[in-house]
Amino acid sequence: MTKPVILAVDDDPEVLGAVERDLKQRYRQTYRVLSAASGRKAVEAAEELKRRGTPVALFLADQRMPDMTGMEVFERYVRGP
């Protein structure tokens, strides 16, 4: 069975690395932890996961990013392209 995904999104590489590390340390047994360095990359990853039928259990996204907000990432996942 495919593990559900936790998708972390942040445009600051240091923050993203720390968040991803902490999430993997705590949740890797139950979830697959992925990260994206921008809203656009997160949307692309989420669309691919959706095409594969892999559930996204949690979006953990920075709200203030240059290309789109964290909420826009989630909205695009829910509404689709």
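Tutor: Rings of Phe, Tyr and Trp (its six-membered ring) pair if their centres lie within 6.5 Å; planes under 30 degrees apart count as stacked, over 60 as edge-to-face and the rest as tilted. The model is predicted: local features need pLDDT of at least 70, side-chain atom pairs count only at pLDDT 80 or more, and totals for chains, interfaces and linings use all residues. Residues are numbered from 1 along each chain as its sequence is written, and side-chain values use heavy atoms, without hydrogens and water.

Student: How many aromatic pairs does a search of the whole structure find, and of which kind?

Tutor: The search finds one aromatic pair. Tyr-27 and Tyr-31 have ring centres 6.1 Å apart and planes at 75°, so they are edge-to-face.

Student: Is Ser-38 buried or exposed?

Tutor: Buried means under 20% relative accessible area, exposed over 50%, partly exposed in between (1.4 Å probe, protein chains only). Ser-38 lies in the loop between β2 and α2 (39–52). Its relative accessibility is 15%, so Ser-38 is buried.

Student: In which order do the three strands form the open sheet?

Tutor: Helices (H or I, at least four residues) and strands (E, at least two) are DSSP runs, numbered from the N terminus. Two strands pair if DSSP finds at least two bridges between them. The edge strands, β2 (32–36) and β3 (56–61), each pair on one side only. The pairing is parallel, and the order is β2-β1-β3.

Student: Which residue in β3 is the bridge partner of Val-5?

Tutor: Strand β1 (residues 5–9) and β3 pair in the parallel sense over five bridges. The partner of Val-5 is Val-56.
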